[in-house]
Amino acid sequence: MKNAIAAALPLWDKIAMTGELQKVTVDTTFGSGAAESLEIELELSGLVAEGLFREKIAVTGLALPAEVFPPWVPPLLPADVSIDVAVDGFDLAAPARILLDELTPDSKPDPSQEERLLKALLPDGAVRITLAPGGAERSDHAVNWEGTMTAGPGLLPVGSGVLVVRGMDAILTALNAAPADVSQGAVPALLMARGLAKPEDGDRLVWQFESDGQGKVTVNGLDLSGLAAQ
């Protein structure tokens, strides 16, 4: 059996799938929803040293049933949404080899196996997480993002990212129409965040995030580590 499994490795090098649906409609007892298109992409490596997992979902022309939401929510709902996340920097071949080499019908796992598997899986002690450019948009406002981060067991994350908001006034107007228990929490938080933003190109607000892996986090160059500790 071990020889047969070894001969089958790495099972596959990489599986990649793409798909797109046009004119999507969903009917429920609560109302009907629709989208002009739904796009899905998926990449998954086999048991190889250069491990990779990536998933992308993009929806355009999204229309959710307004009747299921309170009146203040629909103005906040996006028409186009996309998110694209990838994880790499891990090794699937090495831990697979450890498991295969130590596989016997009647033996118990070595107490050190779990630690050895983790070290084999993460040769650098961390994985890299990449958030490709994406966002949630509608005609009067949009939220866009992208960034990269490395993270692993016992390590503080290292990386950077950018968040861009267009049409903050439209977002605040919608939230001001919400019940007090929502608006009194969300509106002051957004106003505080706007104070940290860098204005750009009219109504665009930009936040540049940096984390150095030592506990220091900055937003547009401002060190927020002290505020987080309070």
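Start the tour at L11, which lies in the loop between helix 1 and strand 1. Helices (H or I, at least four residues) and strands (E, at least two) are DSSP runs, numbered from the N terminus. The structure is a predicted model, in which local features need pLDDT of at least 70, side-chain atom pairs count only at pLDDT 80 or more, and totals for chains, interfaces and linings use all residues. Residues are numbered from 1 along each chain as its sequence is written, and side-chain values use heavy atoms, with hydrogens and water left out.

**Stop 1**

L11 is not a glycine, yet its phi is positive, at about 70 degrees. Its relative accessible area is 52%, so L11 is exposed; buried means under 20% relative accessible area, exposed over 50%, and partly exposed in between (1.4 Å probe, protein chains only).

Now select L9 and P10. The peptide bond from L9 to P10 is cis, with omega near 5 degrees. P10 sits in the loop between helix 1 (2–8) and strand 1 (14–28). For background, most residues other than glycine have a negative phi, and most peptide bonds are trans.

**Stop 2: a nonpolar surface patch**

Together L11, W12, I15, L44 and F53 form a nonpolar patch on the surface with about 420 Å² of accessible area. Patches are made of residues with over 30% relative accessible area and no salt bridge; like charges are joined within 9 Å, and nonpolar side chains (Val, Leu, Ile, Met, Phe, Trp, Tyr) within 5 Å. Accessible areas come from the Shrake-Rupley method with a 1.4 Å probe, and for residues only the protein chains shown count as cover. F53 belongs to strand 3 and, with a relative accessible area of 33%, is partly exposed.

**Stop 3**

Strand 3 (residues 52–60) runs antiparallel to strand 4 (residues 80–88), and eight bridges join them. Two strands pair if DSSP finds at least two bridges between them. Select R54: its bridge partner in strand 4 is A86.

Which residue of strand 5 is the bridge partner of A86? The partner is T130. Strand 4 and strand 5 (residues 127–137) are antiparallel and joined by seven bridges.

**Stop 4: salt bridges**

A salt bridge is a side-chain nitrogen of Lys or Arg within 4 Å of a carboxyl oxygen of Asp or Glu. By this rule the count comes to 14 salt bridges.

Select K23 and E36. K23 forms a salt bridge with E36, and their closest N and O atoms are 2.6 Å apart. This pair links distant parts of the chain, with K23 in strand 1 and E36 in strand 2 (residues 31–45), 13 residues apart. K23 is exposed, at a relative accessible area of 58%, while E36 counts as partly exposed at 39% relative accessibility.

Go on to R97 and D101. The closest N and O atoms of this salt bridge between R97 and D101 are 3.8 Å apart. R97 and D101 are separated by about one helical turn because they are four residues apart in helix 2 (residues 93–101). R97 is partly exposed, with a relative accessible area of 38%, and D101 is partly exposed at 46%.

Then select R116 and E102. R116 forms a salt bridge with E102, the closest N and O atoms being 2.7 Å apart. The pair links distant parts of the chain: R116 is in helix 3 (residues 113–121) and E102 in the loop between helix 2 and helix 3, 14 residues apart. R116 counts as partly exposed at 27% relative accessibility, and so does E102 at 31%.

**Stop 5: the largest nonpolar core**

Select W72, V165, M168, L175, L205 and W207. Of the 15 residues in the largest nonpolar core, these touch the most other members. A nonpolar core is a set of buried Ala, Val, Leu, Ile, Met, Phe, Trp, Tyr and Cys residues joined through side-chain atoms within 4.5 Å. Helix 4 (168–176) and strand 9 (204–212) are the elements that give two or more residues to this core. Helix 4 supplies the largest share of this core, four residues.

Centre the view on M168. Leaving aside neighbours within four places in sequence, M168 is in contact (heavy atoms within 4.5 Å) with L190, R194, L205 and W207.

**Stop 6: N220**

Finish at N220, in the loop between strand 10 (217–219) and strand 11 (222–223). N220 has a positive phi of about 50 degrees although it is not a glycine. At 30% relative accessibility, N220 counts as partly exposed.
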